Amino acid sequence: MQELPAQLIRLNATAHSKNDAITQVAGLLATHGYTDPAYLQGMLDRETQANTYLGSGIAIPHGTPDTRHLIRQTGIAVLQLPQGVAWGEGGETVRLVVGIAAASDEHLDLLRRLTRVLADDALVERLSTTSDPAELQRALTGQASTPTPAAPATPALAHTAQVTLPNPLGMHARPATALANLVKGRGAQVRLSRENGESANATRMMEVLALGLTRGTTFTVSSDDEATLRAVTDAIRAGLGDDLSAGAATPAAHRDPDWVPAQIGAMVEGVPAADGLVVGLTRQHAPKAIEVRDEPGDPVENAAKLDAALKAAAAELEDVIADVGARFGADKAAIFRAHAELLADEGTVQDAVAHVLDGHGAAWAYRQATEGRIAQLQKLDDPTLAGRAVDLSDVQRRVLRHLLGIHEDSAPQAAGPVILLAPDLTPSDTARLGPDSLLGFVTAQGGPTSHTAIIARGLGLPAVVAAGSGLLDVPDGTPAILDGQAGRLYLNPTDADVQSARERQAVLHEQREAARAARHQPGATADGVRVEVAANINRAADAAQALDAGAEGVGLMRTEFLFLERDSVPGEAEQEAEYRAMAAALGDRPLIIRTLDIGGDKEVPYLGLAREDNSFLGLRGIRLCFERPDLFLPQLRAVARVAKDHPNVHLMFPMISTLEDFRRARAILDSVREDVGAPRIPLGVMIEVPSAALIAGELAKDVDFFSVGTNDLTQYTLAMDRLHPQLARQTDAMHPAVLKLIALTVDAAEAHGRWVGVCGGAAGDEVGALVLTGLGVKELSVSTPQVPGVKAALRAHRMADLRELAARALAQPDAQAVRDLVRAGGRA
Ligand code: PEP
Ligand code: MG
């Protein structure tokens, strides 16, 4: 690859538009004799034919083939735009513009390097903000894989001050990120130094974490800019966004850690995805990007190659489905069934074939056909769909491997199982790696509802997701403790903490085994008051597993899952078969089917629904069903037919917010029942909107039961988006405001002889289960693996005590106080 002379790099530039950015980078190439000034037009033209956005904030504008003669010498120029510029219609922001003038295919080498850079968020971030051109030169001209050399003799910074860290949990990832952002925004240099001589660049999170700054540590902050120094020390003293009122022993975490190390040093915090506590060494797992060159050839030959690869991938997926089904159950295998459907998607295959017929190579054609679809899914700010993007990339990778003859790495190479750290993991990665090679994993991206997280729970591995890109700086072989329940990875723990974690592990294991052994006992408190513990399931295939875990019925069957992960609406007969299989599997145990709850975070792309500004407040759940009788009526008919043969079938409506909604839905159901000759079906409404709780007295006259959806009731009561990453810790159903609405609901139900269940996440959380039972809830519907634990928690408490606990919970000032109260066994 060419050299990249410093004069071809423009740092800290600004551009008001994409064309301005291209003009500037073309200007660099022309001014230094690499191109004729007219090459600019070739670059602008090329951009109108195809967007040169590469990913991760990098674009590679270059001229059209017919302007190659305007290149005098092959070269590249880099325009760094720390503030970014909007690129393309997809809303991408570009911060590194790499202008290419390549007379032949020398630029492929550069592209190869760039793809490596792309996979490394931390490196992209550095390159987009560095004030050192040598960093860009290294990354783009051959030494990218060499890590940035250890900080050379640190330049002395003129201004210094001493601060004492006030954060109860020490300098963990969140405040370290806030610090890095503050410093980057000011463009000055800042170092933190400890008395022992260790120091860190404030913009490098891992260096900062490695200092192990705990609460009360005094350290020196130095900067080359006095005002920046003042801003940084003020921010540190104010807690860098942490709540300083929380005590170290009771961190303000949404999920109370059962175990906290005595000494918290460096820590990475993310969102809990699967419970468990493990001790081990870390290992980074960055799947190599698959490079695809276009190798044009005979269309017939390439079409045959594509066909063979699709068939091989399909056959391989069948093996995966069988293997995962046998090892982890049908519900996990269903994820790969969905992959098989994505693989067979006609539109994608047709697009790929069209590219082949245009003369492109098979691998290039398939990548082209899938890439746009993946990007489209990723762009939607929606965790469910972002999860599907990962699934589609997984399928794409499988096909490309077959086309290019690439062997996938299997388990990470390490002496024993490791705590795996990765930007993200595909479901295939997670299932392939398996418990033999993994103790648990932490991903920089992803969400707790992703398929990867679901597989982790099925594998019984602790997992933390959305931990941020700083995670990727943790060196391989770092000793660590992963606490999946708290969502934390503690780095370099002390021997005493490792010992204490192992002791805690043993206790947890014993408790789990005891709960499992007693899972088939009826759900009840210590003094025998019955509380039914049911499971939330999505498909008929999940029912057997739920029963095996001790579930006493199904308290929530989310029918929308039958509509997700496919390209068309499931027909009436298909739905009926699914509901029938489920009702039969449950025998005489109750099955509560919830009508379609699409909208909000659950989108179904093929329904062509208009995007809404406030999707959680718009046409969601029952409101959408009123608008779309083509979806609602077939579903009601399918349920009503099954109810004719299975008296255990119950039905409930989601997102009821007014009496009128309920009456309208019931009238539609009544007419459907009449049509198909079905009997009366026990009918309930979900209490998940505050207004429904407030009119529960009126609703109770007409319904048979209520089921509280704490996930939504919490978001609507506290006005906190249930998916919002920064609010996740406060969006806690144990907030007394939410509990008061549940208490109102229970009182109203009891006054009319109705019963109340809870099917939201709070029912499966031990603290939640106890408080809700104390409030008078009669049924807790939880995810299958939680059934034994919830039953065990109920068995350990007397009803009178739980009632008193709930009464006191209602009088607490906030959710944390409720959790503290319950953990203290009501002695507060
Ligand atoms: C809830 O809102 O608590 C609930 C159970 O429904 P969903 O999570 O499917 O919205
Ligand atoms: Mg809900």
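In this predicted model, the count of cavities of 30 Å³ or more comes to 1. The space within the largest cavity amounts to about 80 Å³, and ligand 1 sits in this cavity. Among the elements that give two or more residues to the shell around ligand 1 are the strand β19, spanning residues 554-558, and the helix α24, spanning residues 710-718. The largest share of that shell, 3 residues, is contributed by α24.

The lining of the largest cavity is formed by Leu556, Arg558, Arg594, Lys602, Met686, Glu688, Gly709, Asn711, Asp712, Arg722, Cys759 and Gly760. At least two residues of this lining are supplied by β19, and at least two by α24. When the lining residues are divided by class, 3 are nonpolar, 3 are polar and 6 are charged.

Around the ligand itself, the shell comprises 15 residues, of which Arg558, Arg594, Lys602, Asn711 and Arg722 are the closest to ligand 1. By class, the shell around ligand 1 holds 8 charged residues, together with 4 polar and 3 nonpolar ones.

Several polar contacts between ligand 1 and the protein can be described at the level of individual atoms. For arginine 594, a polar side-chain atom is placed 2.8 Å from an oxygen atom of ligand 1. In the case of asparagine 711, the contact is made through the backbone, a polar atom of which is 2.8 Å from an oxygen atom of the ligand. Aspartate 712, by contrast, takes part through its side chain, with a polar atom that lies 2.9 Å from an oxygen atom of ligand 1. On its own, ligand 1 has 290 Å² of accessible area, and the protein covers 99% of this area.

Taken together, the description of the site joins a cavity of about 80 Å³, in which ligand 1 sits, with a lining that has 6 charged residues and a ligand shell that has 8.

Notes: Residues numbered from 1 in each chain as written. Chains lettered and ligands numbered in written order. Predicted model: local features only at pLDDT ≥ 70, side-chain atom pairs only at ≥ 80, totals over all residues. Heavy atoms only, no water. Near = heavy atom within 4 Å. Polar contact = N/O pair within 3.5 Å; in protein donor to acceptor, adjacent residues only side chain to side chain. Areas by Shrake-Rupley, 256 points an atom, 1.4 Å probe, with all protein chains shown as cover. 1 Å grid on protein atoms, 1.4 Å probe; cavity = no way out; pocket = protein on both sides within 12 Å on 5 of 7 lines; lining within 4 Å. Sits in = over half its atoms within 2 Å of the grid points. Helix = DSSP H or I, 4+ residues; strand = E, 2+ residues; numbered from the N terminus. Nonpolar A, V, L, I, M, F, W, Y, C, P; charged D, E, K, R; others polar. Points joined across faces, edges and corners; volume = space filled by probe spheres on them.
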